[in-house]
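Hello,

The structure we talked about is below. My notes on it follow.

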Amino acid sequence: MRTVARLQPFRSTIFAEMSALAARTGAVNLGQGFPDSDGPQGMLDAAQKAIASGLNQYPPGDGLPELRRAVSDQVRREYSLEYDPDGDVLITVGASEGIAAAVLGLVEPGREVILIEPFYDSYAAAVALAGARRRVVPLVEQTTQDGVVRYVLDPDLLRAAVTPQTAAIIVNSPHNPTGTVLSAADLNLVADLCREHDLIAITDEVYEYLLFDGRVQHPIAALPGMRERTVRISSAAKTFNVTGWKVGWITAPRDLVDACRAAKQWLTYTGATPLQAAVAHALDVEREWLRTVPVALQGARDLLTTALVEVGFDVHPSEGTYFVCADARPLGFTDAATLCLEMPAAVGVAAVPVSALADDEDRWAPIVRFAFSKRPEVIREGARRLHALRR
């Protein structure tokens, strides 16, 4: 084993594993979160035009000026947050690089980073790359007055996770994998702890437009005293159906951006020039897409949720993202990891066990994450196949 010890747990990702298994078995891939249709045509045309016009060499290390300006305008337009495009915005190779750069640039080895469980697996890998330690706080179930069970932060558990060694907390809302949108109470709890203990909030907001049932995004950076201590990260991937383009960005005060750049410039230096130009076009022009994409996704969510309920899963409500989580115990399955390994060959559907995205595997053992970022006919075929799980 030549891999360094701190990275041995991260030699592969559950998403790659399940997608490869789906490909080998011909299964409907409801596991990895990527859409199966393209984004707005104007954006695709802009990418081709940029290539044809010669935008094929290195852009500035911070990213194309027009994209940094477009990101600054978007954040101001949506959230009334002001960021100077010439110092407060850094273009990254996807949000994952932005997260890694933030942790590498802002967290000293041996310090601690709080992760909210379950968590996107790159968070733990970024902490390990930095030689830091993760402390995990689980989301817990709460039943609302109308009987809906949703995930929330437990204030006592979160407060107990903060130690003198804590440097940062990574916050993801809308949340992958659960589809939860953190409440105002949750966000204020995080903000209170950040202000009290001088913590950095690293916020993954890649699903900022993919909210359902009338919800809107509320960045933690907009709360009192939080702009100056928040590294806000987003990307074009989920917003514009271009997960393969890997165009992301950081918005933060200049001193925090400088720290992120100090790491980022030695990872990739910069990303694809023509794709940055096309994303700038999309942020400026494709606003109708931003209004229609959550409507279409909400329909897909409803289609898959209904199917899962019919099969017999106990389904948790999805408030945003590409994902819906379902408890397999009513079908007689207590170990989602085994179920997800067997499903592609057995019934022709791939999904992801949530326990693969958690330290406390037992807590999340029966929960399966399904992706609904697919065409309706694909979801229907997946649903038809899943009925074979009924006993």
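Among contacts in the chain (heavy atoms within 4.5 Å) between residues at least 6 apart in sequence, 76% join residues at least 24 apart.

On provenance: this is a predicted model, in which local features need pLDDT of at least 70 and side-chain atom pairs count only at pLDDT 80 or more, while totals for chains, interfaces and linings use all residues. Residues are numbered from 1 along each chain as its sequence is written, and side-chain values use heavy atoms, with hydrogens and water left out.

Along the principal axes, the C-alpha atoms fill a box of roughly 60 × 55 × 50 Å.

Burial: 58% of the 391 residues count as buried, meaning under 20% relative accessible area with a 1.4 Å probe and protein chains only.

Aromatic rings: there are nine aromatic pairs in the structure. The ring centres of Tyr322 and Phe323 are 6.0 Å apart with planes at 75°, so this pair is edge-to-face. Rings of Phe, Tyr and Trp (its six-membered ring) pair if their centres lie within 6.5 Å, and planes over 60 degrees apart count as edge-to-face, under 30 as stacked and the rest as tilted. Both Tyr322 and Phe323 are buried. Elsewhere, ring pairs link Phe15, Tyr120 and Tyr123 into a cluster.

Regards

Conventions
Buried < 20%, exposed > 50% of the residue type's maximum accessible area, 1.4 Å probe, protein only.
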